[in-house]
Amino acid sequence: MEAGFSLKESTIGIYGLGLMGGSLAMSLKEHCRILIGFDSHLPTLELALSKKIIDHAESDMATFLPQVDLLILATPVHSIINILQHLPSLMPNPCIVLDLGSTKLNIVQAMAALPERFDPIGGHPICGKETLGFEHAESVLFQDQTFILTPLDRTSETALNVALKIVEVIGAVPVFLEAALHDAAFAFTSHLPYLLSSALAASIPKSDFQFIGSGFRSVSRLAGTPASMMLSVLQSNQENVLNALHSLQKILAEFESALALNEYTKLEIILNEAQSKYQIFTQ
């Protein structure tokens with residue numbers, strides 16, 4: 001990839017026009033020469049074309065890939081890894097590759113195996129909604145949100161600068177993080193909350209639905225995320241998610257023990273410690 005790479009003069013291909021890919025397309029449309037959207041769901045492509053969010057739509061990867069200078073992978077984790085494994089046989093030209101996957105270690109490892117003509121860098125925008133799909137995409141989704149970048153040892157300065165430029169034009173804030181540290185952290189801050197929300201939604205009897213208030217709706221909101229999206233995230237980060245679950249189970253066991261033994265002073269101490277942590281990370 002030439003050092004003089006210009007985002008404004010580039011052809012960008014976005015693989016996957018769901019919430020993330022669609023929102024990114026909206027944000028990047030005026031910052032590249034040509035924007036090509038790929039999606040296996042033809043109505044999504046038709047909608048994106050009708051709204052003039054993309055310049056061209058493709059459902060055939062073999063036709064789509066050779067045209068692009070920069071490929072952005074915005075599909076679920078297992079799909080990203082599958083694409084990376086097949087990319088060498090589908091893409092004959094040099095290309096920068098950026099992904100938006102929710103876990104990073106397995107993706108970065110797949111990127112590291114790409115031939116030298118590819119210039120890969122991992123990414124993860126820390127934003128989203130439980131309502132997925134192109135119809136929920138919005139151009140301001142990334143505004144003022146953290147965008148994690150996980151460069152590889154082989155990532156060139158050109159690819160790094162292109163990724164930083166993308167983060168800049170979509171209004172996000174770049175943060176660099178090693179892939180393994182990313183996955184360990186997000187097991188606690190993202191994947192565990194999804195499981196906890198799902199557990200809350202699954203535990204409430206239907207007879208009590210009429211008594212659900214805003215508090216329960218807030219803490220169970222993530223349960224509205226389709227399992228098809230989260231399953232590959234949990235699978236690709238299994239060990240870290242299990243560690244997070246064990247930590248949560250330990251706290252829940254302390255709650256249960258304190259209540260069962262009428263140790264309310266101990267329970268208050270635990271709850272106050274939780275409140276102190278909450279006040280720190282919400283400042």
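Does Asn 262 count as buried or exposed, and at what relative accessibility? In this predicted model, Asn 262 counts as exposed because its relative accessibility is 53%, and the cut-off for exposed is over 50%. The report begins with the protein as a whole and returns to this residue further on.

**Overall form**

The protein contains 11 helices and 8 strands. Its C-alpha trace spans about 70 × 40 × 35 Å along the principal axes. Of its 283 residues, 41% count as buried. The accessible surface comes to about 14,800 Å², and carbon and sulfur atoms account for 55% of that area. Among contacts between residues at least 6 apart in sequence, 68% join residues at least 24 apart.

**The sheet**

The 8 strands of an open sheet follow the order S3-S2-S1-S4-S5-S6-S7-S8, and their pairing is mixed. Strand S3 (56-58) and strand S8 (173-176) are the edge strands, each pairing on one side only. On average, neighbouring strands of this sheet are turned by 25° against each other, direction ignored. Within the sheet, strand S6 (residues 118-125) and strand S7 (residues 146-151) pair in the antiparallel sense over 5 bridges. Ile 121 has Pro 151 in S7 as its bridge partner.

**Helix H9 and Ser 236**

The buried residues of H9 are Met 230, Ser 232, Val 233, Leu 234 and Ser 236. These residues pack against helix H4 (77-90), helix H5 (105-112), H7 and H10.

Ser 236 lies in helix H9. With a relative accessibility of 14%, Ser 236 counts as buried, since the cut-off for buried is under 20%. The side chain of Ser 236 makes a polar contact with the side chain of Thr 103 at 2.7 Å. The side chain of Ser 236 also reaches the backbone oxygen of Val 233 at 3.1 Å. Leaving aside residues up to four places away in sequence, Ser 236 touches Val 77, Thr 103 and Asn 106.

**Helix H10**

Helix H10 covers residues 238-260, and its 23 residues should span 33 Å at 1.5 Å a residue; the end C-alpha atoms are 32 Å apart, which agrees. The buried residues of H10 are Val 241, Ala 244 and Ala 258. Their packing partners are helix H7 (179-203), helix H9 (227-236) and helix H11 (264-281). H10 is followed by Asn 262, with a positive phi near 60°.

Most residues other than glycine have a negative phi. Lys 52 has a positive phi of about 60° although it is not a glycine, and Asn 262 likewise has a positive phi of about 60° without being a glycine. Where are these residues found? Lys 52 is in the loop between helix H2 (42-50) and S3, while Asn 262 is in the loop between H10 and H11. Lys 52 is exposed, with a relative accessible area of 66%, and Asn 262 also counts as exposed, at 53%.

| Residue | Relative accessibility | Class |
|---|---|---|
| Ser 236 | 14% | buried |
| Lys 52 | 66% | exposed |
| Asn 262 | 53% | exposed |

Terms used. Residues numbered from 1 in each chain as written. Predicted model: local features only at pLDDT ≥ 70, side-chain atom pairs only at ≥ 80, totals over all residues. Heavy atoms only, no water. Helix = DSSP H or I, 4+ residues; strand = E, 2+ residues; numbered from the N terminus. Expected span 1.5 Å × (residues − 1). Buried < 20%, exposed > 50% of the residue type's maximum accessible area, 1.4 Å probe, protein only. Contact = heavy atoms within 4.5 Å. Polar contact = N/O pair within 3.5 Å; in protein donor to acceptor, adjacent residues only side chain to side chain. Pairing = 2+ DSSP bridges. Axes fitted to C-alpha atoms, helices over the stretch in contact; angles between N-to-C directions. Areas by Shrake-Rupley, 256 points an atom, 1.4 Å probe, with all protein chains shown as cover.
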